[in-house]
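Hi,

Here is the structure we talked about. Please open it first, then read my notes below.

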Amino acid sequence: MNWQTNGLKYNRFHTTAICGPSRAALLTGRNHHNAGSGFLAEWATGYPSYNCMIPKTTATSGRILKGNGYSTSWFGKNHNTPDWESSIAGPFDRWPTGLGFDYFYGFIGGETHQYYPVLFENTKAVEPDKTPEQGYHFMTDMTDRAINWLEYSKSVAPQKPVMMYFAPGAAHAPHHAPKEWRDKFKGQFDKGWDVVRQETYERQLKMGIIPPGTKLTPRPDWVTPWDKLSADQKKLFARLMENYAGYLSFADHETGRLLEAISKLPDADNTLIFYIVGDNGASSEGGMEGTVNEIKALSGISTPLADNLKHLDEIGGPNTEPHYPVGWAWAGNAPFQWVKQVASHFGGSRNPMVVSWPKVIKDKGGMRSQFVHLIDVLPTVLDASHLPAPKTVDGVEQKPMDGVSFLSTFTDKNAKPVRTRQYFEVFSNRAIYDNGWVAATQAYFSVETGLCTRKLGQRQMGTL
């Protein structure tokens with residue numbers, strides 16, 4: 001089942017610019033501040049929009065669909081349980097099973113080691129059934145579990161609809177790519193990030209992903225020109241990107257196995273799939289030099305180039321926690337400015353999305369350019385399922401959904417835009433889109449650590 005050729009490609013789809021808030025928006029159909037998730041759980045404050053506690057007034061897709069007869073499951077990453085509630089002591093009402101999902105298999109927090117993950121099944125801590133030396137990788141494990149759950153659910157109750165939230169740790173750091181996957185990309189990034197960004201931009205023009213006449217934003221002063229780097233820097237930086245590309249491709253492959261399993265179900269043609277590529281733009285959290293120890297880098301501790309080179313052949317394996325340098329984040333966000341966390345610019349918040357629904361979508365491989373956002377996904381699911389947004393859930397009055405259905409775009413390329421205005425804000429980096437214009441102010445960001453720590457005060461306004 002080829003999700004790209006069977007589905008619709010959305011080239012103006014948007015996230016919040018960082019993971020936890022993006023997932024809160026996706027799961028609730030509300031703007032992330034309305035879902036209490038202005039930033040990450042580890043930085044929660046006492047303010048309602050930033051306490052990182054999804055309120056009962058914003059029921060999730062799992063809870064709403066479960067209440068309407070669906071079997072619901074969540075596999076992979078969960079960064080929406082408050083940090084202080086994430087142990088086996090609970091409470092568990094903001095774990096996936098407490099948020100309306102019948103079954104959960106995955107990890108709590110922003111990331112986990114992909115060879116030695118910290119795993120939970122529902123609310124019980126569990127261990128992988130084999131070691132990395134025996135071929136273990138969490139991406140494969142969660143895919144196997146998802147396929148098993150899906151096939152078991154449909155064999156026991158074929159008439160009962162299912163809703164699955166499949167959330168890989170890939171391609172978030174640490175970038176753990178099996179050797180056979182990272183080796184597929186040997187030498188493909190030796191040309192450097194300036195050339196790769198230019199080539200990406202040219203492909204985007206050729207494929208119609210960006211409109212004719214789109215200009216490529218210039219390299220900022222915080223990205224060193226590739227030809228100014230030393231031979232050792234080029235060697236390390238290219239290897240880190242080979243590893244990342246292998247990790248992303250491996251994740252696509254495993255997701256493809258899940259899609260193949262779906263395609264074999266009796267009701268495959270009537271299965272609606274949203275394939276959202278990332279919570280945010282490419283990440284600069286590897287710092288200026290990249291790293292083989294991402295947590296060390298996030299803590300603001302740099303590693304000498306010579307020390308990183310000692311681990312060149314281990315990058316992507318169990319004994320490293322790698323992340324590429326900021327230059328690759330800049331290249332990966334072509335043609336836009338800025339990176340993950342910087343919600344003021346589309347380099348932080350514009351992501352690819354493919355939607356497949358064979359029974360309804362006939363324009364296979366088509367492009368859609370309506371401006372849409374994560375908050376619009378749940379209303380679209382409810383619209384497709386002929387379900388109204390609930391006014392109360394478990395006796396709790398619900399906040400109105402901020403999202404709107406874009407179901408009309410499934411069958412009409414020229415459907416009227418469903419969203420003409422949307423705001424963005426993370427860590428004071430903020431923007432507002434309104435009828436083709438965007439006003440942006442970029443406030444605090446450090447390219448050294450990928451964290452918002454220093455004031456830059458850049459303001460822009462333009463069309464988009």
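**The cores**

The largest nonpolar core holds 57 residues. Phe75, Trp193, Tyr324 and Trp328 have the most contacts inside it. Strand 3 (103-108), helix 4 (138-156), helix 6 (193-207), helix 7 (231-263) and helix 10 (326-332) each contribute at least two residues to this core. Helix 7 is the top contributor, with 14 residues. Keep in mind that this is a predicted model.

Have a look at Tyr324. Beyond its neighbours within four places in sequence, Tyr324 is in contact with His175, Leu240, Met241, Tyr244, Ala282, Ser283, Gly286, Gly290 and Ala329.

Another core lies apart from the largest one. This other core has 37 residues, including Tyr10, Ala59, Phe104 and Leu382. In soluble globular proteins, nonpolar side chains tend to be buried together.

**The whole chain**

The protein has 12 helices and 16 strands. The C-alpha trace spans about 60 × 55 × 45 Å along its principal axes.

Of the 464 residues, 55% count as buried. Take the contacts between residues at least 6 apart in sequence: 73% of them join residues at least 24 apart.

**Surface and charge**

The protein exposes about 19,800 Å², and carbon and sulfur atoms supply 53% of that area. There are 48 positive and 46 negative side chains. The centres of these two sets lie 6 Å apart.

Best wishes

Technical notes:
Residues numbered from 1 in each chain as written. Predicted model: local features only at pLDDT ≥ 70, side-chain atom pairs only at ≥ 80, totals over all residues. Heavy atoms only, no water. Helix = DSSP H or I, 4+ residues; strand = E, 2+ residues; numbered from the N terminus. Buried < 20%, exposed > 50% of the residue type's maximum accessible area, 1.4 Å probe, protein only. Contact = heavy atoms within 4.5 Å. Areas by Shrake-Rupley, 256 points an atom, 1.4 Å probe, with all protein chains shown as cover. Lys, Arg positive; Asp, Glu negative; His and termini not counted. Charge placed at Lys NZ, Arg CZ, Asp CG, Glu CD. Core = buried A, V, L, I, M, F, W, Y, C linked by side-chain atoms within 4.5 Å.
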